[in-house]
Amino acid sequence: AVLSGGSAGGLCWFEAGTTDSWAGPLRAIEGCLGLLPGSHCPHYDGEVQRRPTYHRMVADGTLAAGYALDDAAVMQFRGTALETVWTLKPGSTAYRVEQSEDGSRETALEALPFPG
């Protein structure tokens, strides 16, 4: 089976993440489908508050460690393991965001040009 989606359609496969899909500010959402472990933050480079809000939420434990995704990037999982990050434009990628001793840290993941 292939499961896909962007924005909330990608977020839903994780356990939790960030959303502003209903009235109000960007916030954590829990109780997603949980087919993928951890949290997810879409629009990482597309909305100015996404990066700092996700870092704060991971740092303070509101959200578990997870993946952030630029608007022009795609993550491909096999089972629950991230297999490949694809980019639709140079410079866009995915990131692993985890707690660290001084708050949180992000690791940019290598992205391959999207085939086609």
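A: Two strands are taken to pair if DSSP finds at least two bridges between them. In this predicted model, six strands form an open sheet with mixed pairing, and their order is 2-1-3-4-7-8. Strand 2, residues 27–30, and strand 8, residues 103–108, are the edge strands, each pairing on one side only. From one strand to the next, the twist averages 25 degrees.

At one end of that order, strand 1 (residues 14–19) and strand 2 run antiparallel and are joined by four bridges. Within this pair, Ala16 has Glu30 of strand 2 as its bridge partner.

Helix 2, residues 50–59, lies across strand 1, strand 2, strand 3 (36–41), strand 4 (66–69), strand 7 (94–100) and strand 8. Relative to strand 7, helix 2 runs at about 40 degrees.

Thr18 gives a residue-level view of this arrangement. Thr18 lies in strand 1. Its relative accessible area is 1%, and because buried means under 20%, Thr18 counts as buried. Leaving aside residues up to four places away in sequence, Thr18 touches Leu11, Leu26, Arg27, His40, Cys41, Pro42, Arg50, Tyr54, Met57 and Leu63. Among these, Arg27 belongs to strand 2, His40 and Cys41 fall in strand 3, and Arg50, Tyr54 and Met57 fall in helix 2. With Arg50 there is also a polar contact of 3.2 Å, which joins the side chains of Thr18 and Arg50.

Definitions and conventions:
Residues numbered from 1 in each chain as written. Predicted model: local features only at pLDDT ≥ 70, side-chain atom pairs only at ≥ 80, totals over all residues. Heavy atoms only, no water. Helix = DSSP H or I, 4+ residues; strand = E, 2+ residues; numbered from the N terminus. Axes fitted to C-alpha atoms, helices over the stretch in contact; angles between N-to-C directions. Contact = heavy atoms within 4.5 Å. Buried < 20%, exposed > 50% of the residue type's maximum accessible area, 1.4 Å probe, protein only. Polar contact = N/O pair within 3.5 Å; in protein donor to acceptor, adjacent residues only side chain to side chain.
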